[in-house]
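Please read the following note beside the model before commenting on it.

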Amino acid sequence: MPAISFQSVSKIYPSTRSQTGPGVRALDNVSFDIQQGEFFGLLGPNGAGKTSLISILAGLSRASSGRVLVHGSDVVTDYASARRKLGIVPQELVFDPFFTVREALRIQSGYFGVKNNDGWIDELLLSLGLADKADANMRQLSGGMKRRVLVAQALVHKPQVIVLDEPTAGVDVELRQTLWQFVAKLNKQGSTVLLTTHYLEEAEALCNRIAMLKQGRMVALATTSELLKAASSNVLRFKIDSELPKAIADKARITGRIVQLPAHNANEIEHYLSAIREAGLVAEDVEIRKADLEDVFLEVMAEKIGVTA
Amino acid sequence: MTGWQTLFYKEVLRFWKVGFQTVGAPILTAVMYMLIFGHVLQDHVKVYDTVGYTAFLVPGLVMMSVLQNAFANSSSSLIQSKIMGSLVFVLLSPLSHWHWFFAYVGSSVVRGLAVGLGVFVVTVYFGQPSFLAPLWILVFAVLGAALLGALGLIAGLWAEKFDQMAVFQNFVIMPMTFLSGVFYSIHSLPPFWQTVSHLNPFFYMIDGFRYGFFGVSDVSPWLSLAIVGSALLVVSAIAVNLLRIGYKIRH
């Protein structure tokens, strides 16, 4: 039985008063399974439908058609059972200002009917570096600390499936490491993890399999290593002070002075370098590196390649 | 505790932690009414032959506080947690719409009764009413608080902004409580306004509640019970159904 099964999920948001037409199609017939024990990445640019998909999984939103199962439980018709198996870390940094960290965690346990949970709550506080904040009011915590509490709240009922919706957006290095160590440990112990993130190096390092969404459609679904193989195998990277010739600028990813060009073979590399020389420019710090997930992501989003396995 | 009991407990803890504002302030307001109206009107207003005006005013003020605070509890909790985003913690839980309903309405009843008891304790000093039928007192206090708690639930789900909530509170709840016979017997009104008052369900809550103290009322307590009970059923059915479909909370 898959941990999560998305079956032909579509979501259409009704058009607002200022718009006419059929409404916005946020998800278009998305289907895939996540197996138990996977560390699965869901990637896509803003507005691709990642959060819509997770909201439907969480029961915060309802699919216009299709259905979602968590360990076989339908998230609409059998929502209580589905939600007991799910631990969701929401994207927004939300908190209840009336309570302390420990109270918030006890209350969250109680919603799930988990009694005498202080042992696990203490372990969560310790693992997430919150032990000294247990009796602090939620309002007094910094953003990073609030994020840790959100993670603890999602895990308080020991869910089999952990969903992290952009958990590291605006989070410092220390918390990222604490968080990933802890989540990786839970994954090793058998929990399934579904992660959305904009940090592609994180997804590359952590996820065994990845789906990519674009404008509500699934454009890639494969293991991380298959995805890496599918892209241009190499990238030519250099620094330059002037504007690139038009012919190669269109293919380049430019970040300030740094230029990166996808290259399949030595001829292409020669072609790029000679175009620069003919334009009378000088490339510095030239190197050739292996393509990473960010290169794959950009190629998939430009629809140069499609990867499904 | 089971799931809904935890939500109920959380909702009680929420208002109790800011008790100065949620319980203390309405008690002070009621004392102000008592001082001013009781002092000004004691010798001018005659309600029932056997009951002095201040003694008449005590149950009215108690019930008004019960109703207003029961409404304030569920409505403000919902609108705040919707705007803060913290409602997500309840939305992600396995609690059913019935669990939500009993937790939110139950905690509203607790807040309403806590404030009502407080108002009674401090206002009884000004004019001691009798307790002819204590069971009626309890029945109307609980039913009235539950009705307003359920109404607050609907308002909290419906409102998207604090000013929409203020509209509901100031243009619906306040006029209906003030025009329900808290400060007067509706027999002292001109016939037209008597008829209008009979259309106000709040009138029956206060009239029935007052019957429990004095054994006299404008209409029979059984009629009041039937009307308040029916209103509670209708409003509860709407509230439970809105929760079931996730009205404005699950998109």
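1. Conventions. This is a predicted model, in which local features need pLDDT of at least 70 and side-chain atom pairs count only at pLDDT 80 or more, while totals for chains, interfaces and linings use all residues. Residues are numbered from 1 along each chain as its sequence is written, and chains are lettered from A, with ligands numbered from 1, in the order in which they are written.

2. Overall build of chain A. The secondary structure of chain A amounts to 11 helices and 15 strands, where helices (H or I, at least four residues) and strands (E, at least two) are DSSP runs numbered from the N terminus. Along the principal axes, the C-alpha atoms of chain A occupy a box of roughly 75 × 45 × 45 Å. Chain A has 309 residues, of which 39% count as buried; a residue is buried if 20 or more other C-beta atoms lie within 10 Å of its own, exposed if 12 or fewer, and partly exposed in between, with C-beta atoms placed from the backbone. Of the contacts in chain A between residues at least 6 apart in sequence, 70% link residues at least 24 apart, a contact being a pair of residues whose C-beta atoms, placed from the backbone, lie within 7 Å.

3. Domains of chain A. The division of chain A is into domain 1 (4-99 + 152-228) and domain 2 (232-290), with bounds that come from an automatic or database domain assignment. Taken over C-alpha atoms, the centres of domain 1 of chain A and domain 2 of chain A are 36 Å apart.

4. The sheet with strand order 2-1-4-5. In chain A, four strands with antiparallel pairing make up an open sheet in the order 2-1-4-5, where two strands pair if DSSP finds at least two bridges between them. Strand 2 (24-34) and strand 5 (73-74) of chain A are the edge strands, each pairing on one side only. Strand 1 (residues 4-13) of chain A is joined to strand 2 of chain A by seven bridges, and the two run antiparallel; A:Ser5 has A:Asp33, in strand 2 of chain A, as its bridge partner. Helix 1 (residues 50-58) of chain A lies across strand 1, strand 2 and strand 4 (65-70) of chain A, at about 115° to strand 1 of chain A; axes here are lines fitted to C-alpha atoms, for helices over the stretch in contact, and angles run from 0 to 180 degrees between N-to-C directions.

5. The sheet with strand order 12-13-11-14. A further open sheet of chain A contains four strands in the order 12-13-11-14, with antiparallel pairing. Its edge strands, each of which pairs on one side only, are strand 12 (253-255) and strand 14 (284-290) of chain A, and neighbouring strands of this sheet are turned by 20° against each other on average, direction ignored. Strand 12 of chain A runs antiparallel to strand 13 (residues 258-263) of chain A, with three bridges between them, and A:Thr255 stands opposite A:Ile258 in strand 13 of chain A. Helix 10 (residues 266-278) of chain A lies across strand 11 (234-239), strand 13 and strand 14 of chain A, at about 145° to strand 13 of chain A.

6. Two buried residues. A:Val161 lies in strand 7 (residues 161-165) of chain A and counts as buried because it has 22 C-beta neighbours inside 10 Å. Beyond its neighbours within four places in sequence, A:Val161 has contacts that include A:Ala3, A:Ile4, A:Val70 and A:Leu194. In chain B, B:Phe15 is found in helix 1 (residues 3-17) of chain B and is buried, since 23 other C-beta atoms lie within 10 Å. With neighbours within four places in sequence set aside, B:Phe15 is in contact with B:Thr22, B:Asn73 and B:Arg111.

7. The contact between the chains. Chain A gives 23 residues to the contact and chain B gives 22 residues. Helix 2 (79-85) and helix 3 (101-111) of chain A each supply at least two residues of the side of chain A that touches chain B.
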